[in-house]
Amino acid sequence: HTSITYGELFAGGLQGWTQAALRLRQGNLPLELAFQLDCDEGCAATSEFVHPAPLRKIYDSEGLSDAYDDPQSTIFAVADVRENWWWNLMVLRPPRVVCVSAPCTPWSRAGMSSGISHQDGLLIADVAVCASFTRPEALLLENVPGFPGHEDYPQVLQVLRAAGYEVLWQACTDLAEVLPVRRERFLMLCAHKDALGTAPIPDISWFGFSRPSLHHAKALYTLPDALQAPLHLDPDTWSMYCDPQFFPPSFGHGSPQTKFRLRLRSCAQQAPCFVASYGHQHSLPIGMLRSKGLHGCLLTINGSHRFFSPAEINSAHGTGGPVILPHSPRQAWLYAGNAIAPPHAAMALVQACRYLLPQGLPASPDELLHRVVVTRMHNSNTYFIPLQAGWLMCRRDEVQTVLPRVLDSGLTNEQMLIQAPL
């Protein structure tokens, strides 16, 4: 028990838990991936470059037999959590910690807020049922800040207790304290009653950071044309973002001009929270936009207005990379907006390691969290490499690590060299 194996459920295209684990491992925290799972096969594209071991995608129970014979591979299960064949992975690659990023829409005031009355709100219960049989030592859950205030939250706790888990630590933190974007997340560490104990875990917080602007954090990019073109608004889209009838309730009272200014962000400011529908929320049903509002913000730069790019959102969220940006802008925005930010994931993972490592941490919690934040990608250290699956976004000093996989994709040296750091 000198290392911590983890499973990542609802991995997403960014794979925020694994992004955090990669940086924490560089700080000598002994985190090792057991497996990843998501129902969207496209999310596995990033796994090709994040993990050194060959990727093996598994779609059903038949694929598990091949995985038994290949213990060194990186396993990505393409499955719905509601299925149960993937439970065998909890035996094949038993994780000590299971990281859970269940859909937030049932728990969000900006979404349905339907809780467990919606099938997506029951996904945490599906995970708990699996855990009641397979008994990982700890569960890490993250969701929107309103999650613990939802009327169904007590029932979620009941389900977790019935599965054998008690809450040891929980916190709600805002990424704006350390990075140039508002993004609050509720984090929770639950331990199994048969694990080491139930002593409360000391609190943890960001240290040594001020609230940086987009400019100060180097979060804005000059991008290759293929990534820049989708950021521009056509006249009809621009008019929707200017229309007062679509201003969200969070804009409060005031003149239309005052409210519209809340729609725009400059380089000297921080960005508001990005959601999964960012970049195309204006295409949602008009009735929904009138009642809930059009929440997207726009970047004002060089006298014009545009969307934030998925690459910029990933940078603002503290992503260290590498990560694949799908060629579809909508898909790339979805992956960026849905993800847990790596610094948030790091905070929860550090707490789990404090609980499970008898030898203690290799460094202070502050130092470990600092490493995750300062090793993120930004406009002075990022390469963009075009691949068949999308654009690979990675740190300049890690190109040599990903280069063999890049060349395996059929990209020539000449093609790659065109995409210098921007």
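Here are some questions and answers on why the parts of this predicted model get the labels they do. Local features need pLDDT of at least 70 and side-chain atom pairs count only at pLDDT 80 or more, while totals for chains, interfaces and linings use all residues. Residues are numbered from 1 along each chain as its sequence is written, and side-chain values use heavy atoms, with hydrogens and water left out.

Q: What makes β3 and β4 a pair of strands?
A: Two strands pair if DSSP finds at least two bridges between them. Strand β3 (residues 55-58) and strand β4 (residues 74-78) have 4 bridges in the parallel sense, so they pass. L55 stands opposite T74 in β4. As for the names, helices (H or I, at least four residues) and strands (E, at least two) are DSSP runs, numbered from the N terminus.

Q: Why is the unit of β3, α3 and β4 called right-handed?
A: Point the strands away from you: a crossover is right-handed if the path from the first strand over the helix to the second runs clockwise. β3, helix α3 (residues 61-68) and β4 make a right-handed β-α-β unit, so that path is clockwise here.

Q: What makes β3 and β7 edge strands in the sheet of 8?
A: The order is β3-β4-β2-β1-β5-β6-β8-β7 in an open sheet with mixed pairing. β3 and β7 (165-174) each have a single partner strand, so one side of each is left without a neighbour in the sheet. Neighbouring strands of this sheet are turned by 20 degrees against each other on average, direction ignored.

Q: How do you know that β7 pairs with β8?
A: DSSP's requirement is at least two bridges, and β7 and strand β8 (residues 184-192) have 9, in the antiparallel sense. In β8, E184 is the bridge partner of D174.

Q: Why is α1 called roughly perpendicular to α13?
A: Axes are lines fitted to C-alpha atoms, for helices over the stretch in contact, and angles run from 0 to 180 degrees between N-to-C directions. Angles under 35 degrees count as roughly parallel, over 145 as roughly antiparallel, 65 to 115 as roughly perpendicular and the rest as oblique. Helix α1 (residues 16-26) and helix α13 (residues 342-356) cross at roughly 65 degrees, their axes coming within 8 Å. That makes α1 roughly perpendicular to α13.

Q: Why is α1 called oblique to α14?
A: α1 and α14 pack at an angle of about 120 degrees, with their axes 9 Å apart. That angle makes α1 oblique to α14. A20, R23, L24 and Q26 of α1 meet L368, R371 and V372 of α14. These residues divide into 4 nonpolar, 1 polar and 2 charged.

Q: What makes β9 and β11 the edges of the sheet of 3 strands?
A: This open sheet runs β9-β10-β11, with mixed pairing. β9 (264-265) and β11 (304-306) each have a single partner strand, so one side of each is left without a neighbour in the sheet. Strand β10 (residues 298-301) and β11 pair in the antiparallel sense over 3 bridges, and L299 stands opposite R306 in β11.

Q: What makes the phi of R135 worth a look?
A: R135 has a positive phi of about 55 degrees although it is not a glycine. R135 lies in the loop between α5 (123-134) and β6 (138-143). N302, in the loop between β10 and β11, has a positive phi near 55 degrees and is also a residue other than glycine.

Q: How do you know that the bond joining G321 and P322 is cis?
A: Omega of this cis peptide bond is about 0 degrees. P322 is found in the loop between α11 (310-316) and β12 (323-326).

Terms used
Contact = heavy atoms within 4.5 Å. Nonpolar A, V, L, I, M, F, W, Y, C, P; charged D, E, K, R; others polar.
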